[in-house]
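I opened this entry to keep track of what I looked up. The sequence and structure come first, and my notes follow.

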Amino acid sequence: MSKNSTEFNEGATPNGAIGTEINIASNGSNSIKNSKSIDIWSKCLSFIKDNVAAQVFKIWFQPIQALEYSNKELTLSVPSQFYYEWIEEHYYDLMRATIKKIIGEGASLQYKIVFDDSLSHEKTYIKMPGLKKKASENQNHIPFEPISINKDNFPTNLNTRYGFDNFISGESNQLAYSAAKAVADNPGKTRFNPLVIYGGPGLGKTHLIQAIGNHITENNPRLKVYYITSDMFTNEFVNSIKDNKISDFVNFYRSIDVLMVDDIQFFAGKEATQNNFFHTFNTLYQAGKQIILTSDKAPRELADVDDRLISRFQWGLNADVQSPDFELRMAILLRKSLDEGIELTSDVIEYIARNVKTSVRELEGALIGLIAKVTLDRKPMTLELAKEVVYGSKTKNNQPITIDEIKNLVSEYYKLNIKDIESKSRKHEIALARQTCMYLAKKFTTSSLKTIGSHFGNRDHSTVLHSCQTIDNYIVTDKKVKNSIDTFMKQLKRES
Ligand code: ADP
Ligand code: MG
């Protein structure tokens with residue numbers, strides 16, 4: 001066995017509740033797998049898939065296997081200690097939500113780290129408790145029971161991972177960031193009430209509002225800060241009716257000083273919940289309490305939400321977060337790689353920043369993918385590896401993509417001769433096809449700009465760079481070119 005078990009013991013038993021156990025499974029380790037566990041885990045996987053970037057899913061969740069299931073406890077096998085820690089650290093909330101959704105209340109999770117003992121041909125498992133970070137938390141605690149109105153055990157639902165100090169601001173999120181800081185410094189006392197932060201997925205909305213909450217709890221420990229998603233709010237409301245506890249529910253919400261509701265777009269179509277939230281909102285607002293909301297679109301564009309609510313959402317400030325621009329993407333990658341203790345060369349950072357553009361979550365996904373390859377597969381951190389992670393620079397049969405292959409693809413698409421593409425012709429169509437080839441070659445092959453240029457009538461590296469920029473611009477301004485590039489990307493990408 002490659003690790004000392006006492007080492008695990010310490011980390012694994014934060015409250016001494018769950019011990020570490022070493023199992024030696026016989027070679028037929030299938031005997032301890034049961035089909036129920038496989039079935040449950042595959043349901044979990046489809047839920048997880050909808051909630052993480054494709055890259056993250058592939059690297060961190062696909063390799064996990066189900067081992068056992070009994071008494072609402074699912075046991076999963078993970079390939080290494082690093083894996084286990086990473087999932088506990090980064091996907092705690094997701095794992096917790098997933099098993100609760102698929103298994104129900106009282107569900108629990110165990111991991112087994114698998115070691116292959118090459119001498120005895122046996123598999124060794126080290127058992128680790130899942131969801132250990134908050135093991136002491138009472139998961140059945142109903143937040144709006146009168147007992148929790150006491151500040152000392154007030155459940156904020158905040159995750160201390162999200163702070164202002166690890167939120168990187170740039171042009172695309174400047175307004176939301178500044179407003180968030182202002183509100184965090186003076187909750188209920190600025191004009192930004194309510195503060196609504198809106199924008200597409202993975203752009204930092206949850207991070208920002210959680211950062212506000214964490215800042216307030218640190219600086220104003222007297223204040224009752226409560227974070228909740230609109231779905232959780234709906235559930236609490238429905239449960240309070242079911243359990244005949246609606247007045248506890250109402251009292252609980254009235255006692256809050258700072259209320260944060262994430263993803264209010266999911267209030268759509270839920271009339272009774274909206275009506276209740278309307279009254280909660282009014283009560284808090286009139287008492288000068290701070291309300292902070294997030295939404296995937298501007299409040300005025302929310303469908304199936306009561307106009308009375310929408311107009312209230314617009315009383316304060318509606319600040320949007322947009323996709324990060326190039327500079328912000330660079331800054332985020334630099335900072336996150338430092339935080340993870342991984343040194344990236346400037347060409348790797350620039351490559352990722354140029355090619356992963358839609359959201360910060362996707363950026364994180366790419367970075368995590370790289371870290372996984374470097375740490376798990378023990379590969380050196382190179383530009384080639386970055387290309388592999390971002391685009392999968394290998395074809396389906398695992399052969400690297402060649403410039404000739406790209407030329408074939410593009411010439412066929414545009415019905416042109418390869419000779420023309422390689423020529424000096426400046427005819428628009430031919431130049432466009434040539435620029436497209438260079439653009440794809442830069443993305444999908446590991447060739448240098450100089451080598452790429454040599455494949456197209458010996459052009460120099462600045463011409464290749466210029467071609468890539470031209471296509472980048474077209475992608476934004478010209479739908480036809482964008483569609484063609486999308487098609488090529490799909491064909492060249494390794495799909496698995
Ligand atoms: P949203 O709620 O808008 O879907 P999140 O707040 O969950 O997005 O952000 C997705 C991931 O990206 C989180 O891990 C978050 O910490 C990170 N993130 C987003 N924006 C930034 C930023 N500006 N600086 C640092 N991390 C960020
Ligand atoms: Mg969010």
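**Notebook: loops, ligand, helix pair**

I looked up Pro 194 and found it in the loop between helix H6 (174–185) and strand S6 (195–198). Helices (H or I, at least four residues) and strands (E, at least two) are DSSP runs, numbered from the N terminus. The peptide bond that joins Asn 193 and Pro 194 is cis, with omega about 0°.

I note that this is a predicted model, in which local features need pLDDT of at least 70, side-chain atom pairs count only at pLDDT 80 or more, and totals for chains, interfaces and linings use all residues. Residues are numbered from 1 along each chain as its sequence is written, chains are lettered from A and ligands numbered from 1 in the order in which they are written, and side-chain values use heavy atoms, with hydrogens and water left out.

The next loop I checked lies between strand S2 (65–70) and strand S3 (73–78), and it holds Lys 72. Lys 72 is not a glycine, yet its phi is positive, about 65°.

I then turned to ligand 1. I found 18 residues around it, and the closest are Ile 168, Gly 202, Lys 205, His 207 and Glu 364; a residue counts here if one of its heavy atoms lies within 4 Å. By class, this shell has 6 nonpolar, 7 polar and 5 charged residues. Ala, Val, Leu, Ile, Met, Phe, Trp, Tyr, Cys and Pro count as nonpolar, Asp, Glu, Lys and Arg as charged, and the others, Gly among them, as polar.

I looked up polar contacts of the ligand (pairs of N or O atoms within 3.5 Å). A polar side-chain atom of Lys 336 is 2.8 Å from a nitrogen atom of ligand 1. A polar backbone atom of Gly 204 lies 3.1 Å from an oxygen atom of ligand 1. The protein buries 94% of the 560 Å² that ligand 1 exposes when taken alone (accessible areas by the Shrake-Rupley method, 1.4 Å probe). Helix H7 (205–219) and helix H14 (360–376) are the elements that give two or more residues to the shell.

Last, I checked a helix pair. The axes of helix H18 (residues 428–444) and helix H20 (residues 461–477) come within 8 Å and cross at roughly 100°, so H18 is roughly perpendicular to H20 (65 to 115 degrees).

Conventions: Axes fitted to C-alpha atoms, helices over the stretch in contact; angles between N-to-C directions. Parallel < 35°, antiparallel > 145°, perpendicular 65-115°, else oblique. Polar contact = N/O pair within 3.5 Å; in protein donor to acceptor, adjacent residues only side chain to side chain.
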